[in-house]
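Please open the structure in your viewer and keep the selection panel at hand. The tour below goes from stop to stop, saying what to select and what is found there.

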Amino acid sequence: MAESVETPIGTVTAEHFRPGSIRHQVVCGPKFLYALFNPQDQMHPVSRAFMDFVRDGDLPYRRLVVNDHIVDEAATRLKKQASMRNAATFLTTLDKSDLYQLESVTPEVFSDATDTFIEWTDLDASLTDFIVASHMAELEIDHILTYDRHYDAFDVTTLPYRRPE
């Protein structure tokens, strides 16, 4: 069993990422991936802890799902706010790893997400957030690794679990 990890948000254990019922797949949000591939990011230790827990078999995830919009946002942010080297490492890892699964967004999902994006004027989420949430519904995946609180407005479960404030 993996050790707990001290991070900027406190002590993190595998329990912070464990789903309520067994899930073998989870969506990786852009901010989670940015932190994972940018060692300078304050949330890097949390993202790294998750990957360590998966590697050590402490969590059931065997498939980390991303889509083209997630990859675009994470790679662009890494290039502009970290370095091209970080972005290239991210893209190479996605290409070579059997753990990450790239799922393309269908035109129907994109259309549904843009309609909702236009209708929900009170939510300050990005179009990517709406696309990811719609795509998760289509794929029947309800857990997302993210530090983006906008996902709390959608019918998804965000990981790591946070204590109510």
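Select valine 27 and you will find it standing opposite isoleucine 144 in strand S6, a strand being a DSSP run of E with at least two residues, numbered from the N terminus, as helices are (H or I, at least four residues). Strands S3 and S6 (residues 143-145) pair in the parallel sense over two bridges, where pairing requires that DSSP finds at least two bridges between the strands. This is a predicted model, in which local features need pLDDT of at least 70 and side-chain atom pairs count only at pLDDT 80 or more, while totals for chains, interfaces and linings use all residues. Residues are numbered from 1 along each chain as its sequence is written, and side-chain values use heavy atoms, with hydrogens and water left out.

Colour the buried residues of H2, among them His44, Phe50 and Val54, where buried means under 20% relative accessible area with a 1.4 Å probe, protein chains only. After H2 comes glycine 57, with a positive phi near 80°.

Note on methods: Buried means under 20% relative accessible area, exposed over 50%, partly exposed in between (1.4 Å probe, protein chains only).
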